[in-house]
Amino acid sequence: MASGSRPWGALLLLLLLLPPVPAACRAGGGCAGEGGPLEPFDALYASGVEAYYGGDFAGAARCLERALRSRRELRAARLRCRRRCRGQVRLAAPGPGAGGDLPFFGSVLRRAGCVRRCEEPRLGAASRHRAAEEVRADFQRRVPYSYLQRAYIQLNKLDEAANAAHTFFMANPEHMEIQQDIENYKTTAGKVSLIDREAKQHMEDYSAGVRHYDKEEYELAIDFLERALKGYYSEDEDCQIMCEGPQRFEEHEYLEYKAGLYEAIADHYMQVLACKHDCVRELATRSGRISPIENFLPLHYDYLQFAYYRVGDYVKALECAKSYLLFHPDDEDVLENAGYYEGLLEGTMDPDTIKPRKEAKMLLRRHKLESHLLQVAAAGLGYTYTEPNYWNRYGARQDEHSVPSSISSEPEDGPRLSLAKKPMPKPDRELKEGGPLLYSDVKFVYNSQQLNGTQRVLLDNVISEEQCRELHRVASGIMLAGDGYRGKTSPHTPNERFEGATVLKALKYGYEGRVPLKSARLFYDISEKARRIVESYFMLNSTLYFSYTHLVCRTALSGQQERRNDLSHPIHADNCLLDPEANECWKEPPAYTFRDYSALLYMNADFEGGEFIFTEMDAKTVTASIKPKCGRMISFSSGGENPHGVKAVTKGQRCAVALWFTLDPLYRELERIQADEVIAMLDQEHLGPSEMNINPKDEL
């Protein structure tokens, strides 16, 4: 719920380090570099951002588009030259005796010269295209498209803006403002078909093939999956070639490196080899993600083996089944299917003549050799390396499409399908609920089942009316607009103002006499009460720690409430990146992956709108809606099982204490630890607890 920082803040520093804005990017100019050496994409990017902040939106759009095109052309030029020189200059095998290594190193020098001669006319000096790490990260996360979207809005080019927003969102599904922008395009501009301008074609074809497969449109599924495989192997070759570029040495500066010839070659080659070995992960990872699609390449063959069976091509079905078994030779389901296909072919041809596909065998053979060499380097050269599990079998077809092992199990019209789901990972802990609420005044309202979900609970009377009023008075004295949202006064919607404060800030204000100390301590004590209730109700067998505590009010801005179609806080999950289109929640940074449970304790009801809602993973289907009121608390597990948001606050001010908890003590809230020290100091000075100080006699 606390928003992230601006992803492109580091770029402003870069503006000071690059040349002035080219005239080509100013209003009325056309971008330079056409026909001559390629203009560096980082300089064009910085110029586009500077033009954007200078109000020159046409110039910003020109330079940002040129920066994106320049980066694509840079990669294409390097691929073209490296591929051409691979064909023109073969690496020679070393010969015996003294000087036997000269043929090999001679071919290395000739290939290097070939690449340089090929690249220089189009790229110029290599140093022109060495972008800073921050800039490369921005392009990886598609940040230029965020600027492009806003520039195109100012230019009233809504189609281009919608596609730019969609392209950015595909790599940043946690970005709630962009998500809302896309919904606005769909309603105001009628833009339904959105284009991902950076889509990986082999992944698009794979997704289309799976969609047709799920609809039992097997011929179409085969077309797309075969196209996806062809694209995959082409992209794999490109990935291998691009790994031959410059490498970063983490333990030493290259220019100061004093190792001998073979140690230096080995160090650089291990970096290149590790990059090539990781192409499997790179090609299975969606843009902007860290985690790959599990078992990605083998799954192509798994889908295809059954699809070919369903269209009657048993030869291709067996070929794909054997290809899948190269990666997972002990997969019982596919072994059984392969045996069934062999039985169907007996009498017409020898099934042993049908082999796994050559490209799969070659890739797997190369991958195993790469792994062996990396392990050798780790053992003999001190090179740090741990082999990942690239073919995790938790990734699997979640359907009933396996074939029985015997003819006797067939019905008259063909083979019967049997359930054959692969095992899925077990949850980190056993999920329980229904433990004691600890306090006699707390009232149980609804459990998970009644709220149509998992690990959810709704409680009333967690605090009294008087305590709500007192807490609201504290809030009025300590909250600042944008506090807790990195200074953004409207982090989730421009139609509301957000104000917040932390526990430590409240105690400091109380100690300084700016608010009543007793009232400031109330904030601390009720948050501790909430923590104990959550820990007890969900029957956690380990301590639940605070990871963040935030007193927050959101206020509807007058004059901005007509025809609102946005949310006060768009649908999200608290410890993973919700991806509604993929029906996934990616537990990876920048999400707060360490959060385990969340709670919201409401302080008032005198406002309009502002209902808390749970949805399905699609971020659209509402499963439960909760109207806030004084003393009401909703608590839930923080993962993708509980997507949630807040409806627009259209009148008045809605205030609550937002609490996030973790089971990992490494992620304890620093301000909470400091607040504990303040409380201990206050108790020693006998400055008095609030009426909310926890007392064992209150427990049931």
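Glu133 comes out as partly exposed, with a relative accessible area of 39% (buried is under 20% relative accessible area, exposed is over 50%, and partly exposed lies in between, using a 1.4 Å probe and protein chains only). This is a predicted model, where local features need pLDDT of at least 70 and side-chain atom pairs count only at pLDDT 80 or more, while totals for chains, interfaces and linings use all residues. Residues are numbered from 1 along each chain as its sequence is written, and side-chain values use heavy atoms, with hydrogens and water left out.

The side chain of Glu133 meets that of Arg136 in a salt bridge, 2.5 Å from N to O (a salt bridge being a side-chain nitrogen of Lys or Arg within 4 Å of a carboxyl oxygen of Asp or Glu). The two sit three residues apart in helix α5 (residues 133-140), so about one helical turn separates them; helices here are DSSP runs of H or I, at least four residues, and strands are runs of E, at least two, numbered from the N terminus. Arg136 is partly exposed too, at 37% relative accessibility.

Searching the whole structure turns up 27 salt bridges. One of them ties Glu198 to Arg72, with the closest N and O atoms 3.5 Å apart. This pair links distant parts of the chain, 126 residues apart: Glu198 lies in the loop between α8 (176-189) and α9 (201-214), Arg72 in helix α3 (residues 57-88). Glu198 is partly exposed at 22%, and so is Arg72 at 39%.

Helix α19 (residues 517-537) holds Glu528 and Arg531, three residues or about one helical turn apart. Their salt bridge has its closest N and O atoms at 2.8 Å. Glu528 counts as buried at 19% relative accessibility, and Arg531 is buried at 12%. Elsewhere, salt bridges with shared partners join Arg83, Glu237 and Asp238 into one network.
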